[in-house]
Amino acid sequence: MKGQKQLNLDDDYDVVLCCQKGEVEAFEEIVKKYQKKMFNISYRITGDDSEAEEIVQDAFVSAYRGINGFKGKSKFSTWLYTIVINLSRNRLKKIKKRGLNEQFSIDDPVDTDDGQIKIELASGGLSVLEKLEKKEVDLKVQGCINALENEFREVIVLRDIQGFSYDEISDMLKIADGTVKSRLHRARAAVKDCLKKTIGDLPG
Amino acid sequence: MECHRIQEKSSAYAENLISSEEKKHIDSHLRTCPKCSLYLEELKKTIAYAQGLEDIEPPPWLAQKVMSRVREESANWKKGIIQKLFFPLHIKVPIEVIATIAIAVTTLYVYKTIQPEMRLTEKTSQQVIVSEQEEKKSVLKSNESFYKDTFLKAPEPAKREGFEKKREVLVGKTETVEAPIALTGEKIMPQETDEVFDIEAIGAKKPAPELKVMAERKRDSISLTVNVKDIRSARKEIRKVLIQLKGKVIKTESFEDKDVLIAELSSKELKDLFGKLRLIGEVKEKDALYALEVDAARFRGDVKIKIDIETGQTGTANNQN
């Protein structure tokens with residue numbers, strides 16, 4: 001997939017062509033098709049859904065502005081995702097600077113829309129998970145991901161959460177395949193350790 | 001050591017991205033190493049958790065909001081193009097006007113350059129004093145509206161023509177100089193027809209001077225007449241002067257009653273030239289010379305000069321009332 005000229009095989013080819021000709025309304029099809037994925041990528045990277053809402057809008061507008069510059073070197077969707085990833089990354093840097101997104105630690109409350117939950121480490125390795133609903137586990141997982149450094153965050157979001165292939169990830173992040181794999185391993189290992197701290201032994 | 005290596009590979013192992021050889025090796029290690037087994041187990045679970053994170057629905061208004069922004073972008077972009085083409089009116093329109101004027105002036109200038117070639121044939125030593133009034137009227141009639149603005153914006157070429165006229169008026173006339181016309185002459189566009197005027201010094205009210213300087217303007221050339229005692233020595237002197245002033249002597253002709261010297265000189269040196277000519281011959285018609293000097297300040301570049309060297313006498317057939 002890398003380096004392949006896919007324009008004629010691209011599902012979105014016709015629509016993109018219309019947009020390039022200036023047919024604004026054709027773009028709506030693109031928006032509806034990709035907004036969910038874009039939103040989730042952004043949300044998982046930034047850990048903040050309201051930020052994600054803004055980022056996705058900006059990403060689409062940016063894509064529209066630059067649509068004439070899309071040459072078909074990659075799939076249109078890949079191109080689109082790259083935009084949202086970059087914007088998310090940039091926004092994340094700003095957020096971190098503002099200190100709103102602090103390192104996740106054991107006793108930290110996990111900031112979610114549903115309120116705050118305090119985790120207590122169960123002694124003796126008893127699994128607390130059984131008492132928690134999956135949703136809360138998910139929140140922990142996201143919390144642990146939020147604790148990662150940016151580049152590790154990106155790979156685990158794209159690979160394990162969003163399910164992109166190594167090639168696609170390599171394309172979008174502009175890094176080598178080997179780099180993707182090694183970063184991914186470190187990301188997973190870090191999340192693993194973090195999860196163990198928060199919910200004890202990981203239930204199978 | 002081994003465990004560390006094995007653990008590093010566990011991500012790839014978990015996803016089955018390793019060779020069968022490596023897999024065999026790791027499998028055998030895992031059988032004997034609980035630590036690594038646990039590590040691998042926990043890693044797999046972690047991956048599973050991550051994969052288990054469900055997609056969140058974007059807010060329902062998101063698509064609409066995106067589209068309204070995009071539509072706005074599109075509209076602005078189109079507006080932007082038009083703006084770029086036509087620019088802010090207060091800049092673009094004057095530019096267009098100036099450009100049109102520049103073209104018009106250039107065209108006329110070129111046309112006038114062609115004119116003298118036609119003129120030289122018919123014009124001899126005939127002096128015609130054209131009524132400035134008539135000329136002014138006709139010019140004004142035809143050109144007034146268009147050129148009035150022109151001159152406010154493109155002063156240079158206009159000034160030249162204007163001053164040309166002014167000089168023609170001033171030179172050769174004394175009390176009869178029509179100052180107002182001269183002044184307004186600046187504002188008049190020289191018409192396309194003949195603007196070569198021979199104006200002579202009318203000695204009506206003054207005694208015939210020994211030296212007559214008659215200035216005649218032909219485009220960017222001047223004709224002078226210097227009245228001297230001895231033509232030959234005067235000619236030598238004048239040549240010296242011209243060379244001194246870094247001028248070029250193009251041609252000398254000898255006639256029965258006069259010598260003619262044609263030279264080229266930088267307009268900056270005109271004043272000096274006049275001064276030196278005065279030393280060679282006598283100047284009585286100060287007004288004319290003064291006028292010429294004043295006007296000379298407005299010439300630019302090199303000027304072609306035709307100097308008639310004559311002796312005594314009332315001069316030539318140049319006297320006309």
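This is a predicted model: local features need pLDDT of at least 70, side-chain atom pairs count only at pLDDT 80 or more; totals for chains, interfaces and linings use all residues.
Me: How many salt bridges are across the interface of chain A and chain B?
Reply: The rule finds 8 there. One of them is A:R65 with B:E73, closest N and O atoms 2.7 Å apart. A:D58 also forms a salt bridge with B:R69, at 3.1 Å between the closest N and O atoms. A:D58 lies in helix α3 of chain A and B:R69 in helix α4 (residues 62–86) of chain B, so this pair joins two chains.

Me: What area is buried between chain A and chain B?
Reply: About 3800 Å², with carbon and sulfur atoms giving 60%. Buried area is the accessible area (1.4 Å probe) that two parts lose on being put together, summed over both. In chain A, A:Q57, A:H185 and A:R188 lose the most area to chain B, together 17% of what that side buries.

Me: And how many residues are in contact?
Reply: 44 of chain A with 34 of chain B. Contact means heavy atoms within 4.5 Å.

Me: Switching to helices. How do the axes of α3(A) and α4(A) cross?
Reply: Helix α3 (residues 49–65) and helix α4 (residues 76–98) of chain A come within 9 Å and cross at roughly 140 degrees. Axes are lines fitted to C-alpha atoms, for helices over the stretch in contact, and angles run from 0 to 180 degrees between N-to-C directions. Helices are DSSP runs (H or I, at least four residues), numbered from the N terminus.

Me: Which residues of α3(A) and α4(A) meet?
Reply: Among them, A:I55, A:D58 and A:F60 in α3(A), and A:W79, A:L80 and A:R91 in α4(A). By class, this contact has 10 nonpolar, 2 polar and 5 charged residues. Ala, Val, Leu, Ile, Met, Phe, Trp, Tyr, Cys and Pro count as nonpolar, Asp, Glu, Lys and Arg as charged, and the others, Gly among them, as polar.

Me: What about α4(A) and α6(A), which residues meet there?
Reply: A:I85, A:R89, A:L92, A:K93 and A:K96 in α4(A) meet A:N150, A:R153, A:E154 and A:L158 in α6(A). That contact has 3 nonpolar, 1 polar and 5 charged residues.

Methods: Residues are numbered from 1 along each chain as its sequence is written. Chains are lettered from A and ligands numbered from 1 in the order in which they are written. Side-chain values use heavy atoms; hydrogens and water are left out. A salt bridge is a side-chain nitrogen of Lys or Arg within 4 Å of a carboxyl oxygen of Asp or Glu.
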